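Please look over the sequence and the structure shown here. The report after it describes selected features in turn.

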Amino acid sequence: MAESVLFRVFRVFRGRIAVFTMNRSVLTINSGSSSIKASLFAASGARRNFRYEQLHDQREAFDQLLHDLAGEVPELVGHRFVHGGDMTDLARRVDATERSRLEQLIHLAPLHLPGNLLGLDLCLQRFAVPQIACFDTAFHSTLPELAKRLPIPNELGMRRFGFHGLNYAYIAGMLAGMLGDVAYKKVVVAHLGSGASLCLLENLKSVDTTMSYTPAGGIPMGTRSGDLDPGVMLELAKRYTPEKLSDMVFHNMGLLALSAGESSEMDKLLASDSDNAKFAVDYFCRQVRAAIGGFAAKAGGIDALVFTAGIGEHSAEVREKICAPLAFLGFALDRTANHSGSNEISLAGHKPVLIVPADEEIMIRNLCLSACL
């Protein structure tokens, strides 16, 4: 079961993830739609980070990574896979059968899985060591049926999967050390980046999340709309070919559309004086607040709020816009702490609001070591 696998990977003790006694060097690969992040963890625990942005050819980036590794060969390679289908294990060693299974899931995450698979294949060519797939969806295997089901005929076999699970799992492993007993209550984690979602944790397990069957659902994102009236999609399907509509859904909606094409990047929108940019920012923050309020209504309240990922970690203005109307839930920000980027940014006497930097790489590393125990 997902819970037992999760607690093999980390145990919570004063906010630190357990260190495995079996140390091996691990290269982690996070091969996204427009960037590649990698980290090399030596057996000693030393870490080197690599990042390659705005890629035109992933092969060139992997060639550069090979050069930057300067001859170091890892003993294990772990890959972030955005979608694992019905997989409940957080990680699995990739053989020919598993490679074929992952290929069949591309339609569920067409923006991400081709890059994930290419990264896997390029590493298979370069490193004759075990390759471990680590799944963003598996953390959400604890969703109760009320959260998992979609209001469509069950025989269609479609359900809420949820995403960003590797980072949610990492944060779940950190919360007890930061919040004490509150960590085991009702905590909302807002993973806000170019892809964005929120997750409701109870007892450190996922019980609800905004993304659904694919990473296109939920709140608006950089170039993805998030949830839409199905009638809008039916109308768009009349106007565009499936290929054109798919391109629109993943590349031409969200903040990019809301800003009338100005930008899909939050930092650029915040720096802009245009009305379109301001509108896009306000729309995004309003929808994030709506998701937080929705979780509060479902759960009967929220005990803590956590911001993570690029926007969540780095934009004090976005955090302020999201939290300002949430006083009725007991949340208020300390302005000085919020602008300094402290880990705890809540005003004294109010419910905790935290910033926890995302670290999917350490989670992948620990999953790889766990998978090879």
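The sections below cover the sheet, the nonpolar cores and the aromatic rings.

## The sheet

This is a predicted model. In it, six strands make up an open sheet with mixed pairing, and their order is β3-β2-β1-β4-β6-β5. Strands of a sheet pair through backbone hydrogen bonds, either parallel or antiparallel. The edge positions belong to β3 (47-53) and β5 (91-93); each has a single partner strand, so one side of each is left without a neighbour in the sheet. On average, neighbouring strands are turned by 20° against each other, with direction ignored.

Strands β1 (residues 26-31) and β2 (residues 35-41) run antiparallel and are joined by six bridges. Within this pairing, V26 has F41 in β2 as its bridge partner. Helix α3 (residues 96-103) lies across β4, β5 and β6, and runs at about 35° to β6.

## The nonpolar cores

In soluble globular proteins, nonpolar side chains tend to be buried together. The largest nonpolar core in this model has 91 residues. The members that touch the most others are L175, L192, L198, F284, I292, L305 and I322. Helix α11 (residues 275-299) supplies the largest share of this core, eleven residues.

What does I322 touch, leaving aside residues up to four places away in sequence? Its contacts are L192, C285, V288, R289, I292 and F307. There is also a second, separate core of 16 residues, and among its members are A61, V77, F127 and V129.

## Aromatic rings

The model has three aromatic pairs. One of them is formed by F81 and F135; this pair is tilted, with 6.5 Å centre to centre and 55° between the planes. F81 belongs to strand β4 (residues 76-81) and F135 to strand β6 (residues 131-135), so the pair ties together parts that are 54 residues apart in sequence.

F279 and Y283 form another tilted pair, at 6.0 Å centre to centre and 45° between the planes. Both residues lie in helix α11, four residues apart, which is about one turn of the helix. F279 is partly exposed, at 47% relative accessibility, and Y283 is partly exposed with a relative accessible area of 33%.

Conventions
Residues are numbered from 1 along each chain as its sequence is written. This is a predicted model: local features need pLDDT of at least 70, side-chain atom pairs count only at pLDDT 80 or more; totals for chains, interfaces and linings use all residues. Side-chain values use heavy atoms; hydrogens and water are left out. A nonpolar core is a set of buried Ala, Val, Leu, Ile, Met, Phe, Trp, Tyr and Cys residues joined through side-chain atoms within 4.5 Å. Buried means under 20% relative accessible area, exposed over 50%, partly exposed in between (1.4 Å probe, protein chains only). Helices (H or I, at least four residues) and strands (E, at least two) are DSSP runs, numbered from the N terminus. Contact means heavy atoms within 4.5 Å. Rings of Phe, Tyr and Trp (its six-membered ring) pair if their centres lie within 6.5 Å; planes under 30 degrees apart count as stacked, over 60 as edge-to-face and the rest as tilted. Two strands pair if DSSP finds at least two bridges between them. Axes are lines fitted to C-alpha atoms, for helices over the stretch in contact, and angles run from 0 to 180 degrees between N-to-C directions.
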